[in-house]
Amino acid sequence: MRGAKGFRDFGGARRAPGRLGGVTSSDFPPPPFTEAHSPRDEAPQFVLPLVLHLEKTAPPARTDALETAARAVLALLSDPRSAGEGPWAGAVRDWQDARIRKVVRRARGSEWRRAEALEGLTLHGGSAEVRVYPPIPLDGWPKDLAKLQVSGTELSDPEPPAAPAPGVPVVWLNPGVEMSAGKTMAQAGHAVQLAWWELDDKRRTAWAETGFPLAVRTADEERWHSLVAAGLPVVHDAGFTEVVPGSATAVADLRGLGG
């Protein structure tokens with residue numbers, strides 16, 4: 001795929017050296033957190049918009065929103081319209097050739113109804129609804145999305161989330177990095193995207209056919225250090241908002257996914 005040439009580090013999300021489609025790690029441009037120049041930064045920049053349905057009287061649970069956002073990213077990546085000559089394919093390729101930026105906004109009432117009228121996909125969780133749209137130029141937001149609030153989205157869980165079920169892919173969050181719910185939704189999306197690129201077609205299809213079951217949890221310190229050392233896909237955020245550039249925010253652990 002065209003985006004493979006910058007696979008190692010899109011939008012500050014880095015992974016261990018490896019192979020994808022015959023491309024070796026030596027072919028990848030340097031990460032943006034060194035002094036080396038990165039050609040990704042010269043490419044036109046795109047962003048993947050996500051909108052969370054957030055009514056004042058019935059906000060979704062935080063963990064459900066994180067998991068639904070991650071599934072929304074996977075749904076868009078696996079949608080036939082994003083591949084080959086599909087109507088979204090060009091935008092998806094251009095987005096992956098630059099940085100895989102994601103921005104989460106929130107909408108309620110008539111804002112949400114207008115957001116749903118725009119081309120995209122709506123994913124439903126237990127209490128969360130998240131709509132994802134094909135990538136757009138960084139300065140090309142549709143007016144019905146541009147006016148939505150982007151910062152300060154805060155959610156909570158009514159009770160601590162249960163341990164992930166055996167065999168379910170897990171996005172583990174860094175316990176030492178504090179982020180808003182919206183920012184964390186974007187990081188979960190980064191993590192599953194890096195993991196998706198590492199899967200073969202058989203495992204991609206199997207995961208998609210079951211609706212992309214996954215969990216998002218915060219690791220404890222011991223687990224976090226073990227995960228980072230395990231060679232799994234690690235998100236290093238570019239630091240445009242909330243966190244210090246280069247912060248390791250999330251790890252995608254798909255070792256339980258059948259192969």
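Visitor: Which residue forms a salt bridge with D200, and how far apart are the closest N and O atoms?

Guide: Good place to start, and keep in mind that this is a predicted model. The general idea is that side chains of opposite charge can pair when their charged atoms come close. Here the partner of D200 is R203, and their closest N and O atoms are 3.9 Å apart.

Visitor: How many salt bridges turn up in the whole structure?

Guide: A search finds 6. Another one of them joins D253 and R255, with 2.9 Å from N to O. D253 counts as buried because its relative accessibility is 12%, while R255, at 55%, counts as exposed.

Visitor: Which residues are linked in a network of salt bridges?

Guide: Look at R114, D144 and K147, which are linked in this way. Within that group, D144 pairs with K147, and their closest N and O atoms are 3.8 Å apart. D144 has a relative accessibility of 17%, so this residue counts as buried.

Visitor: Let's zoom out. How many helices and strands does the protein have?

Guide: You can count 7 helices and 13 strands. The protein has 259 residues, and 53% of them count as buried. Then ask how contacts relate to the sequence. If you take contacts between residues at least 6 apart in sequence, 75% of them join residues at least 24 apart.

Visitor: How do I read a single helix?

Guide: Start with the general pattern. An α-helix has 3.6 residues a turn, so residues three or four places apart point the same way. Now find α1, which covers residues 62-78. This helix has 17 residues and runs 25 Å from its first C-alpha to its last, close to the 24 Å expected at 1.5 Å a residue. It's also mostly covered, with 16 of the 17 residues of α1 buried.

Visitor: What is L77 in contact with, leaving aside its neighbours within four places in sequence?

Guide: The list is S82, W95, Q96, Q193 and W196.

Visitor: What about α5?

Guide: α5 has 18 residues and spans 26 Å from first C-alpha to last, close to the expected 26 Å. Of those 18 residues, 17 are buried, which makes α5 mostly covered. T184 is in this helix, and its relative accessible area is 1%, so T184 is buried. Setting aside neighbours within four places in sequence, T184 touches R62, L66, L173 and M179.

Visitor: Now pockets. What is the volume of the largest pocket, and which residues lie nearest its centre?

Guide: The volume is about 410 Å³. Its lining has 24 residues, and K102, V103, K183, F240 and T241 lie nearest the centre. The elements giving two or more residues to that lining are β6 (101-107) and α5 (181-198). The largest share, 5 residues, comes from α5.

Visitor: What classes of residue make up the lining of the largest pocket?

Guide: There are 10 nonpolar, 9 polar and 5 charged residues.

Visitor: One last feature: backbone angles. Where should I look?

Guide: Go to F212, in the loop between α6 (201-209) and β11 (215-218). Its phi is near 55 degrees, a positive value in a residue other than glycine.

Visitor: Is F212 buried or exposed?

Guide: F212 counts as buried, because its relative accessibility is 6%.

Key. Residues numbered from 1 in each chain as written. Predicted model: local features only at pLDDT ≥ 70, side-chain atom pairs only at ≥ 80, totals over all residues. Heavy atoms only, no water. Salt bridge = Lys/Arg side-chain N within 4 Å of Asp/Glu carboxyl O. Buried < 20%, exposed > 50% of the residue type's maximum accessible area, 1.4 Å probe, protein only. Helix = DSSP H or I, 4+ residues; strand = E, 2+ residues; numbered from the N terminus. Contact = heavy atoms within 4.5 Å. Expected span 1.5 Å × (residues − 1). 1 Å grid on protein atoms, 1.4 Å probe; cavity = no way out; pocket = protein on both sides within 12 Å on 5 of 7 lines; lining within 4 Å. Points joined across faces, edges and corners; volume = space filled by probe spheres on them. Nonpolar A, V, L, I, M, F, W, Y, C, P; charged D, E, K, R; others polar.
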